[in-house]
Amino acid sequence: MLPAGITPAQAATAKAATAKAAAAKASTTKAAAAKADIPCPRPKVKPPKGRPPRPVPPPDDPVLRAVGGDALDTDGLIVPPGSKKPPALTATSWLVADLDTGEVLGSCGPHVYGTPASVQKLLLVATVMDKLDPKQTMTVTEGDLDIEVNSSAVGLLKGGKYDIRTLWLGLLLQSGNDAANALARLGGGKGGQPATVAAMNAEAKRLGAYQTHAETPSGLDGPGQFTSAYDLALIARQCFEKPDFRKYALTERTQIPAQKKLKKGGFQIQNENKLIYNYKGALGGKTGFTTLARHSYVGGAERNGRRLVATVLGAEAAPLRGWQQGAALLDWGFSLPKDASVGKLVEPDGADVKGTAADASVAPPAPAPSAPAPAAARAAGGRGLSLGLAAALAVILAATPLLLLLTQRRRRRLRRRPGRDPVVLPR
């Protein structure tokens, strides 16, 4: 019996609408299931006892998760169509990219927040290396030696005199936190170490590493300190462009000079990155470990004129050590064709605002002014504006590349076209 006031035709229409809504809901559910993250291959090993819980990361931003391409917006596995299954790793996230073309070859959770440990020293390299003369001699202060008890150190001495080259070798070979403090102090000028940490965060944003935030120059744990496998690849790419970094990263051993005035002899240190001893075409990289971050790793290699980098976060030392996980990823990357890609490493300074050069559906916006601050100052002077207003205009113009990136990214997510995303491998 129909409710009062409802005709049979109306009832039939309502029934049809209900069925249509149910079908649409089922279709949506099915589509969502089809787009669910694909689990990354992992070995069947139990996590070590006493491992601390992961720090709570910042809330996910859909814009930041799509930097480099919409296909990178996943916590799971993303690989090119037809590629073989990548190695099973304990790392919580990883990425393989081409250092020269910027193509991302594959990844597990590319934009998942992770804790960096000492691979953060690469951001110190990217920020400070070009500012310091490697032949300059410096004197170690007490503050340089203020590091966490039992953390890695080169063995610098208070009052000791060392050239900057020795500090870089100590940083990259032995992951010296004392060397990191000294380099950060020198690189910050009058602002010292805090100025360098601020500059590191600014450099991360310049490179497009928007999920990276440094609290310490060394990578020793600090509240709110995070990065991602994608960001590490951006930072590593910047480092591998520097001839001095490439030279230091491949140095097997060096001598820390004696300090005669302090009556202390010299000693030898060796490179802890075992990739350079065991992997054909190794270019070097950086190891990292803290109890909180677990093992992190960045390693590069070259074969047949092709240079790749692998980044690893949150790994355990068994069954494969951090560098071995990096080596396995490099092997997998070199097995892929040269045109393989699931995304792109964005260019510094927001030059590649659309994220992936392969997507022609979105045109890049007009470039920002090449010298915004002087232009703003001249405009302010010509109109009799205050210096404060001129400075405000300069800040706004300087922020334009980032605003363009964020705006373009949101447009791109709305205008993505079906059939363009790389496929993901099932388990």
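Predicted model: local features only at pLDDT ≥ 70, side-chain atom pairs only at ≥ 80, totals over all residues.
Biologist: What makes up the protein in terms of helices and strands, and how many residues are buried, as a percentage?

Modeller: The protein holds 12 helices and 11 strands. Of its 427 residues, 49% are buried. Among contacts with a separation of 6 or more, 71% are between residues 24 or more positions apart.

Biologist: Why is helix H3 called largely enclosed?

Modeller: Buried means under 20% relative accessible area. Nine of the 10 residues of H3 are buried, and H3 is therefore largely enclosed by the rest of the structure. The buried residues include Ile164, Trp168 and Leu173.

Biologist: How do you know whether serine 175 is buried or exposed?

Modeller: The cut-off for buried is under 20%. Serine 175 has a relative accessibility of 4%, so serine 175 counts as buried.

Biologist: Why does aspartate 349 count as partly exposed?

Modeller: A residue is exposed over 50% and buried under 20%, with partly exposed in between. Aspartate 349 stands at 49% relative accessibility, so aspartate 349 is partly exposed. Its phi is also positive, near 65 degrees, and aspartate 349 belongs to the loop between strand E11 (343–344) and helix H10 (372–382).

Biologist: What makes H2 and H4 roughly parallel?

Modeller: Angles under 35 degrees count as roughly parallel. The axes of helix H2 (residues 121–128) and helix H4 (residues 177–187) cross at roughly 25 degrees and come within 11 Å. H2 and H4 are therefore roughly parallel to each other, and their crossing is left-handed.

Biologist: Why is H2 called roughly perpendicular to H5?

Modeller: The range for roughly perpendicular is 65 to 115 degrees. H2 packs against helix H5 (residues 192–207) at an angle of about 90 degrees, the axes being 9 Å apart. H2 is therefore roughly perpendicular to H5. On the H2 side the contact involves Leu123, Leu124, Ala126, Thr127 and Val128, and on the H5 side Thr196, Ala199, Met200, Glu203 and Ala204. Seven of these residues are nonpolar, two polar and one charged.

Biologist: How do you know that E6 and E7 pair?

Modeller: Two strands pair if there are at least two bridges between them. Four bridges join E6 to strand E7 (residues 267–270), and the strands run antiparallel. Arginine 253 stands opposite glutamine 270 in E7.

Biologist: Which residues form the covered face of strand E6, and which the uncovered one?

Modeller: In a regular strand the side chains alternate between the two faces of the sheet. In strand E6 (residues 253–256), Thr254 and Ile256 form the covered face, and Arg253 and Gln255 the uncovered one.

Biologist: What is the omega of the cis peptide bond joining alanine 318 and proline 319?

Modeller: Most peptide bonds are trans. The bond between alanine 318 and proline 319 is cis, with omega about 5 degrees. Proline 319 has its place in the loop between strand E10 (306–315) and helix H9 (322–334).

Key
Residues numbered from 1 in each chain as written. Heavy atoms only, no water. Axes fitted to C-alpha atoms, helices over the stretch in contact; angles between N-to-C directions. Helix = DSSP H or I, 4+ residues; strand = E, 2+ residues; numbered from the N terminus. Parallel < 35°, antiparallel > 145°, perpendicular 65-115°, else oblique. Left-handed = near helix turned anticlockwise from the far one by under 90°. Buried < 20%, exposed > 50% of the residue type's maximum accessible area, 1.4 Å probe, protein only. Contact = heavy atoms within 4.5 Å. Nonpolar A, V, L, I, M, F, W, Y, C, P; charged D, E, K, R; others polar.
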